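These notebook entries record what I looked up in the structure shown below. I kept them in the order in which I worked.

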Amino acid sequence: MESDVYSFALKETLNEIGNVCPDINNAFVFKENGEVVASDEKTSEKTVTRVVDAFDGILEKADSIGNIEGVTLECSKGRVNVSLVNDDFYLLTVTSKKADINYVNTVTRVIIPTVLRLLEKIHPAPLKSSEVSPEIEPATSEIEEPVEQAEETITPEEETLEKEIKLEPLLPETPVNQLIVENLGGLLVPSDTVRIDKEILSQWEELYEDKKINMVEIETFDGKTTTCKVKPIKDSKYEGKGIIRMPEKIQLTLEIKRGELVRVKPVID
Amino acid sequence: MPRKKKTVQNLAAVTEPLTVETSTNDLRARLDEIKAYDGVIGYILRNSTSAAIDLKDPTKIIDYAILSSSALDASQKMSELFNLGDVKDIIVEGKDVKVLSLTVDENKISVFMEKNADCSKILKKLRVA
């Protein structure tokens, strides 16, 4: 959500590439940590999540071959190609059997890195889009100052009002995180509590001036929602992977299962 | 009459593993030849009953074995998700090494090589019936 502009630009680029190369059936961009940056309109979020999940096993053991630069999967009806773009992103394309691979590669390997570089220049911190607004404000106030001096009749009250209006977007909006469902089981596991990264929890707490976050609202992509207790993930192997560990009871309530994507936001008292 | 049926079943049970073993031995022979190719670091060959590993750097055996198995699992999952039919092969390229993995009958093969090594030559050699 926070990287809307970034994702939108990339999504549009992927869609356009799909128009130029109709042999590309699916395309999406993801990061090494499994975070999906953007996908084309032909690829469902469920598929993306499952593919990234499948790819995770390869990435985990990639150190032994000097990290992954590319993967090519040849099948009887088509091919999957994953390539490292700009050192940070992986571009995955699925092409039909008859696709001209050289043409597809030429298009994708030129356009995507260029767009990513452009986005980085325009928008250097894609995941912190809220930082953009303060940069704009000084610029406008600089322009307004000389006008103020020339027309002293403009009251300072009006100016402060204007500033207040501009500051509004800086107030914390409810953050929404997209997380992958992972099972949470065991004898002593409470059935009404989910576990998420403590980093996410502390980010939320910082945002709400150190208010303790005890509850979250979970929403599925089918529109089902539930509110439940939240605690930080204990098991280090699930940390930093964009995972929400969820007891079976909550999964049943939401009619979802392991590997699916949900939206999670804090509930503020 | 029932006795005859039994002997047929027994024969089938005896002959099946034999054919697998023959093809495994044949594959191993081909892999040994491949190992002499330029840039080839080693291979892992495994099926449900046995495994053969020949790698220049034995300290990497576990990492390479897990990577090879992950690559083959991922290839199967991706093929199912995108409805791509039978998996032919998967090539995972790292900064230093690349891995070619494929399944021949019930044998899962991974060949590890330097980045500039010729994959197509190896594939040809492995796919020859």
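**Entry 1. Conventions.** Residues are numbered from 1 along each chain as its sequence is written, and chains are lettered from A and ligands numbered from 1 in the order in which they are written.

**Entry 2. The side of chain B that touches chain A.** I looked up the contacts between the chains and found 30 residues of chain B in contact with 28 residues of chain A. On the chain B side, α2, β3 (87-94) and β4 (97-104) each supply at least two residues. For these labels, helices (H or I, at least four residues) and strands (E, at least two) are DSSP runs, numbered from the N terminus. I recorded α2(B) as the source of the largest share of that side, 13 residues. By class, the side of chain B that touches chain A has 15 nonpolar, 5 polar and 10 charged residues. Here Ala, Val, Leu, Ile, Met, Phe, Trp, Tyr, Cys and Pro count as nonpolar, Asp, Glu, Lys and Arg as charged, and the others, Gly among them, as polar.

**Entry 3. Strand pairing across the chains.** I counted two strands as paired if DSSP finds at least two bridges between them. Strand β3 (residues 68-75) of chain A is joined to β3(B) by 7 bridges, and the two run antiparallel. Within β3(B), I found B:V87 opposite A:C75.

**Entry 4. Layout of chain B.** I listed 3 helices and 5 strands in chain B. Along the sequence they follow the pattern α-β-β-α-β-β-β-α. Of the 129 residues in chain B, 33% are buried. Buried means that 20 or more other C-beta atoms lie within 10 Å of a residue's own, exposed means 12 or fewer, and partly exposed is in between, with C-beta atoms placed from the backbone. Among contacts in chain B with a separation of 6 or more, 48% are between residues 24 or more positions apart.

**Entry 5. The strands of chain B.** I followed the pairings from β3(B) onward. β3(B) and β4(B) are antiparallel over 4 bridges, with B:I91 opposite B:L100, and a hairpin of 2 residues connects them. β4(B) in turn pairs with β5(B), also antiparallel, through 8 bridges. I noted B:V104 opposite B:N107 and B:V97 with B:E114 as its bridge partner. This second hairpin has 2 residues between its strands, and B:D105 in the turn has a positive phi of about 55°. Strand β1 (residues 40-46) of chain B joins β5(B) by 6 antiparallel bridges, with B:Y43 opposite B:V111. As to burial, 6 of the 8 residues of β4(B) are buried, and β5 (residues 107-114) of chain B also has 6 of 8 buried.

**Entry 6. Nonpolar cores.** I used the term for a set of buried Ala, Val, Leu, Ile, Met, Phe, Trp, Tyr and Cys residues joined through C-beta atoms within 7 Å. The largest such core has 66 residues, and A:F28, A:I58 and B:V111 have the most contacts inside it. Helix α2 (residues 61-81) of chain B gives the most to this core, 7 residues. Which residues does A:I58 contact, leaving aside its neighbours within four places in sequence? I found A:I68, A:V71, B:L67, B:S70, B:A71, B:A74 and B:V92. Apart from this core lies another of 22 residues, among them A:I180, A:V181, A:L184 and A:I213.

Entry 7. A:N177 is in strand β6 (residues 177-184) of chain A. Why does A:N177 count as partly exposed? The reason is its 19 C-beta neighbours inside 10 Å. Not counting residues up to four places away in sequence, A:N177 touches A:I200 and A:V264. The C-alpha atoms of A:N177 and A:V264 are 5.2 Å apart, although 87 residues separate them along the chain. A:V110, in helix α3 (residues 101-122) of chain A, counts as exposed because it has 10 C-beta neighbours inside 10 Å.

**Entry 8. Confidence in chain A.** I read pLDDT as the predictor's confidence in each residue, from 0 to 100. Chain A averages 79, and 80% of the residues score at least 70. Confidence in chain A is highest in β3(A), at 94, and lowest in helix α4 (residues 132-150), at a mean of 40. Over residues 127-154 of chain A the pLDDT stays under 50, and the model has 12 contacts beyond four places in sequence for them. Where pLDDT is low, the predicted coordinates should not be read in detail.

Conventions
This is a predicted model: local features need pLDDT of at least 70, side-chain atom pairs count only at pLDDT 80 or more; totals for chains, interfaces and linings use all residues. Two residues are in contact if their C-beta atoms, placed from the backbone, lie within 7 Å.
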